[in-house]
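The structure in question is shown below.

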Amino acid sequence: MQETLREIGRRFRLPGTLSTYEVIKNGNINRTYKVTCTHDGGTKSYVFQNVNTNVFRHPEEIMENIDRVTTHIRNKCGDRPCLHFHHTDTGENYAYDRDGGFWRVMNFIESAAAPSCGDPGILRGTGEAFGEFQLQLADFDGSVLHETIPDFHNTRKRMDTLFAHAAGYADTRNTRIFESAPVLSRLRMYYKEACVLSDRYAAGEFPIRVTHNDTKANNVLFERETLRPLAVVDLDTVMPGMTMYDFGDAVRYLANTAAEDEPDLSKVSFDEERFTAFAEGFIGKVRDSLTRDELDNMVRGTFSITVELAARFLDDYLCGDTYFRVEYPGHNLVRARNQLR
């Protein structure tokens, strides 16, 4: 691995020589390393990532999105830390190694991970970080970005796909369709209401924004001493979309009093204090950059994306658990029930 990292360092024209490297264990998809180089008597650290192209089938499009977004943000950062992806001598912000592996290199930002997603201060800081991300990109034309996962948050299409699969299993001996019946019934009740925002977005009634699509506290870097937010990371799912769904996905996850796969539904509820903390941080940043219509639909976005995730979990359950990683039979059904709760 050390020789591969040296090769990648040379491709990205990093000064000095590799002195140490260590595996960064955050994340389950890409392989990530902290690489430290020695140059002119000092040291500088970088983050090297080997992108999993089995998951991300169009990595060059992802990197083009990232390049456009981070360049736009960097011009507004001033002295604040922000992500910077290095470029090769031919101008790309990615490189292939001799075995065909896909790599990228970014600056290393000294930071701390979020200590507790239930802490109101951390939740407010998480909201501020993602709100600042939106604010910095408010004047960016989101339509120029690649839609690297087509229809990722097309709620109507997600739910129609589920119902079509359920209909296909209706006359079979598949026990999963019978176990899913109560959840399917609930989702049919919510169908019309849940699809309102994605239908309006498809009709051009909302601006096309740059969305992060994974708005969790562990995708925010915090300052070690003060625990103030520094930067938003993990931009693989940056795409055009609706701000309401970025807001809603964060609330769906952060305001749940239990993990999203908690099977004991008595532990699952909506924590209003957590919601308020995140909302104050997020809306405090974006209030003046969004339309009144967008602001009025933030809570609807939370409802819609929670229903959408329930539909996606149930669809994966019916289809044999091929998308979400499962730890036991029925794991995706548990997740769907949890979201509906």
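Phe163 and Tyr191 are both buried. In this predicted model, the two residues belong to a set of 14 aromatic pairs. A pair of aromatic rings is described by the distance of the centres and the angle of the planes.

**Phe163 and Tyr191**
- The rings of Phe163 and Tyr191 are arranged edge-to-face, at 5.6 Å centre to centre and with 65° between the planes.
- This pair links distant parts of the chain, as Phe163 lies in helix 4 (residues 155-169) and Tyr191 in helix 6 (residues 181-194), 28 residues apart.

- Phe278 and Phe282 form a stacked pair, with 5.8 Å centre to centre and 25° between the planes; the angle is under 30 degrees, so the pair counts as stacked.
- Helix 9 (residues 272-286) holds both Phe278 and Phe282, which are four residues apart, about one turn of the helix.
- Phe278 and Phe282 are both buried.
- A cluster joined by ring pairs consists of Phe247, Phe270, Phe275, Phe278 and Phe282.

**Charges over rings**
- Phe163 also has a charged neighbour: the charged end of Arg188 sits over the Phe163 ring, 4.4 Å from its centre.
- Tyr253 has Lys216 over its face, at 4.9 Å from the ring centre.

How values were computed:
Residues numbered from 1 in each chain as written. Predicted model: local features only at pLDDT ≥ 70, side-chain atom pairs only at ≥ 80, totals over all residues. Heavy atoms only, no water. Phe/Tyr/Trp six-rings, centres within 6.5 Å; stacked < 30°, edge-to-face > 60°. Helix = DSSP H or I, 4+ residues; strand = E, 2+ residues; numbered from the N terminus. Buried < 20%, exposed > 50% of the residue type's maximum accessible area, 1.4 Å probe, protein only. Lys NZ or Arg CZ within 6 Å of the ring centre and 35° of its normal.
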